[in-house]
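My notes are below in the order I took them.

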Amino acid sequence: MLSVKKNISNILKILLIIGFGYFFWLMLKITLEYIPLRADISFLMIKQTEVTDRSEYLYFFYTHVYTSIFVLLSGFLAILRKDFRLKNFHKNAGKVYIFLTLFFAAPSGVYMGIFANGGILSKTSFVILGCLWWFSTFKAYQLARQKKFKEHKQWMWRSFALTLSAITLRMWKVIIVYLFHPNPMDVYQIIAWLGWIPNLLLIEYLIAKKYI
């Protein structure tokens, strides 16, 4: 029985790695669209008011885009809790994740949220997301420093659930557009909340059931 459970666990981990690898590749392709740095490509085509009127906008935008891809990767590697035969690999991946999130990705995300499309509903969601992302990551850092590793692990999962909103937001967009064909601004308002709330609820459920 134990061997069966172990095999199932290993299969689930392999599927998780494959799934993350696929979606990470999609996110990487999006990031590569912004190399070299330009102000008139992809998402920025609908943000020309901000690009033109706010000299700092592009700095925050590119800070968010360029750091978030590394946050995704380092966070996933830290969550796996494997050292891959490299000394302190898990610990160092976690440090990279925490540093990039606290000083670059989350603050720039809050700024981006202030100017999000979709009106006050979308703006509110993205600002809350950015603040919760920063707070959960900082809490995980604090608990690691205090050597409260169980609680640290739980807060890292909360933080990474919010990190994954970059992926789940786009998944929900595809599903909603395919099924309902709503107005583009309505889509943005919906996915702004769907991108992260179900992620966080799932993690809270897993923590409550002591799976994490």
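The entries go from the whole chain to single residues.

**Entry 1: overall fold**

I started by noting that this is a predicted model. I then looked up the secondary structure and found nine helices and zero strands. Read along the sequence, the pattern is α-α-α-α-α-α-α-α-α.

Next I looked up the overall dimensions. Along the principal axes, the C-alpha atoms fill a box of roughly 60 × 40 × 30 Å.

I also looked at contacts with a separation of 6 or more, and 66% of them join residues 24 or more positions apart.

**Entry 2: surface and charge**

What share of the 212 residues is buried? I read off 37%. The accessible surface comes to about 13000 Å², and carbon and sulfur atoms hold 69% of that surface.

For charge, I noted 25 positive and 9 negative side chains. The centres of the two sets lie 18 Å apart.

**Entry 3: aromatic rings**

I looked up the aromatic pairs next, and the structure holds 23 of them. One of them is phenylalanine 76 with phenylalanine 160: the ring centres are 6.5 Å apart and the planes are at 40°, so I logged the pair as tilted. This pair links distant parts of the chain, with phenylalanine 76 in helix 3 and phenylalanine 160 in helix 6 (residues 149-163), 84 residues apart.

The cut-off I applied for buried is under 20%.

I then took phenylalanine 99 with phenylalanine 104. The ring centres are 5.7 Å apart and the planes are at 70°, so this pair is edge-to-face. For that label the planes have to be over 60 degrees apart. Phenylalanine 99 is partly exposed at 44% relative accessibility, and phenylalanine 104 is partly exposed at 34%.

I also wrote down one aromatic cluster, formed by Tyr34, Phe43, Tyr57, Phe60, Phe61, Tyr62, Tyr66, Tyr111 and Phe115.

**Entry 4: serine 159**

I looked up serine 159 and found it in helix 6. Which residues does serine 159 contact, leaving aside its neighbours within four places in sequence? I listed Tyr97, Trp133, Ser136 and Thr137.

**Entry 5: aspartate 83**

Aspartate 83 sits in the loop between helix 3 (57-80) and helix 4 (89-114). With a relative accessible area of 35%, aspartate 83 is partly exposed. Not counting residues up to four places away in sequence, aspartate 83 touches Asn88, Phe89 and His90. I also took the C-alpha separation of aspartate 83 and alanine 93, which are ten residues apart along the chain, and got 9.4 Å.

I went to the loop between helix 1 (2-32) and helix 2 (48-53), where proline 36 is placed. Which form does the peptide bond from isoleucine 35 to proline 36 take, cis or trans? I read it as cis, with omega near 0°.

Serine 42 is also in the loop between helix 1 and helix 2. Its phi is near 50°, a positive value in a residue other than glycine. The relative accessibility of serine 42 is 37%, so I marked it as partly exposed.

Lysine 210 lies in the segment after helix 9 (197-208). The phi of lysine 210 is near 65°, which is again a positive value in a residue other than glycine. Lysine 210 is exposed, with a relative accessible area of 70%. The cut-off I applied for exposed is over 50%.

Key
Residues numbered from 1 in each chain as written. Predicted model: local features only at pLDDT ≥ 70, side-chain atom pairs only at ≥ 80, totals over all residues. Heavy atoms only, no water. Helix = DSSP H or I, 4+ residues; strand = E, 2+ residues; numbered from the N terminus. Buried < 20%, exposed > 50% of the residue type's maximum accessible area, 1.4 Å probe, protein only. Contact = heavy atoms within 4.5 Å. Areas by Shrake-Rupley, 256 points an atom, 1.4 Å probe, with all protein chains shown as cover. Lys, Arg positive; Asp, Glu negative; His and termini not counted. Charge placed at Lys NZ, Arg CZ, Asp CG, Glu CD. Phe/Tyr/Trp six-rings, centres within 6.5 Å; stacked < 30°, edge-to-face > 60°.
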